[in-house]
Amino acid sequence: MSAIIPQSVFPFLKKLEKNNNREWFNDNKPEFKAIEGDVKIFYNRIMENLNKHDDIDKLKIFRIYRDVRFSKNKLPYKTHFGGSFHRTKPKLRGGYYLHIQPNNENFIAVGFWDPAASDLLRIRKEIAMDDEEIRAIITNKKFKTIWGSFVGDEVKTAPKGFSKDHKAIDLIKKKQYIFTRKFTDKQVLDKNFIVEVDKSFKTVRPYFDYMSDVLTTDLNGVSLI
C-alpha cells in the first residue's frame, strides 16, 4: 500500500508561519494533530521501504516545538516537518533525512551531518591515503544525477595535520559529508513521491558501504568491531 503526504500540509504550515504564536497554534491544534498523524504514517512507510534494502534501527520525527532557550529566534514553532532514519550501528554508518517545508524548500539528505571527531579524522586519513575509490563512487553518473556534489561545512584551507597542497584537499577539508536532493511542493504531493525518495536512497548505498567500511576498520583494514 502506498502512502502520500496530505494536501493540507503546506497550507497549514504557511498559516503557521504567519501566526507563529501559542494562541493560534492551540486554536488550530486539532488540524495540526490530524496532519501530523498522516505525516508520521508517511515517514514510517519510508522506513519500511528502507528496511527492504538496508537496516534501519530508529526513526526520529522531530517535534514541531522549537527549543528557544539558546536562540535569538523566540518563535515557538517550526514551520516544517523533519525526520531522520538511523542505520544500525556499529557496523552500518550514515543516515537519511526527509524535510517537508512549503515554498519548494523540501529536500532529502544523506550522509554524515555531525561526525564525531574520531570519525572525521579517520575519514580524512583514508581519503588522504587513497581518494580514488570515493571519487569513483560520487562521480558515478547515476549517483551524481540524483545527488550532485557534497554540501556542508568545510575548513578554509586544510585541517590540522594535512597539507593544503594535498591533491585530495577538496575532500579532506570537509567537516560534513552530506548530499541533498531538493523537491518542489508539487513533487512532494505526488503519489509517486515515496517511490522517488526510496529510489534516491537506494542509489546512495555504495557511498554508505564505503564509509561504513572505513569507519569500522583502521588504516590497515583491520576490523575495529
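Start by selecting Phe-143 and Phe-179: both of them are buried. Keep in mind that you're looking at a predicted model. Turn the view until you can see the two rings. Their centres are 5.0 Å apart and their planes meet at 85°; anything over 60 degrees counts as edge-to-face, so that's what this pair is. Now colour by secondary structure. Phe-143 sits in helix H6 (residues 141–147) and Phe-179 in strand S5 (residues 177–183), so the pair links distant parts of the chain, 36 residues apart.

Next, pick Tyr-96 and Phe-208. How are these two rings arranged? They make an edge-to-face aromatic pair, 5.2 Å centre to centre with 75° between the planes. Tyr-96 belongs to strand S3 (residues 95–100) and Phe-208 to helix H10, so this contact ties together parts that are 112 residues apart in sequence. Tyr-96 is buried at 1% relative accessibility, and Phe-208 is buried as well, at 0%.

Together, Tyr-96, Phe-112, Phe-143, Phe-150, Tyr-177, Phe-179, Phe-201, Tyr-207 and Phe-208 form one aromatic cluster.

For the last stop, head to the surface and select Asp-130, Glu-132, Glu-133 and Asp-213, which gather in a patch of negative charge. Asp-213 is in helix H10 (residues 205–215), the helix that also holds Phe-208. Asp-213 is partly exposed, with a relative accessible area of 48%.

Methods: Residues are numbered from 1 along each chain as its sequence is written. This is a predicted model: local features need pLDDT of at least 70, side-chain atom pairs count only at pLDDT 80 or more; totals for chains, interfaces and linings use all residues. Side-chain values use heavy atoms; hydrogens and water are left out. Patches are made of residues with over 30% relative accessible area and no salt bridge: like charges are joined within 9 Å, nonpolar side chains (Val, Leu, Ile, Met, Phe, Trp, Tyr) within 5 Å. Accessible areas come from the Shrake-Rupley method with a 1.4 Å probe; for residues, only the protein chains shown count as cover. A salt bridge is a side-chain nitrogen of Lys or Arg within 4 Å of a carboxyl oxygen of Asp or Glu. Lys and Arg count as positive and Asp and Glu as negative; His and the chain ends are not counted. The place of a charge is taken as NZ of Lys, CZ of Arg, CG of Asp or CD of Glu. Helices (H or I, at least four residues) and strands (E, at least two) are DSSP runs, numbered from the N terminus. Buried means under 20% relative accessible area, exposed over 50%, partly exposed in between (1.4 Å probe, protein chains only). Rings of Phe, Tyr and Trp (its six-membered ring) pair if their centres lie within 6.5 Å; planes under 30 degrees apart count as stacked, over 60 as edge-to-face and the rest as tilted.
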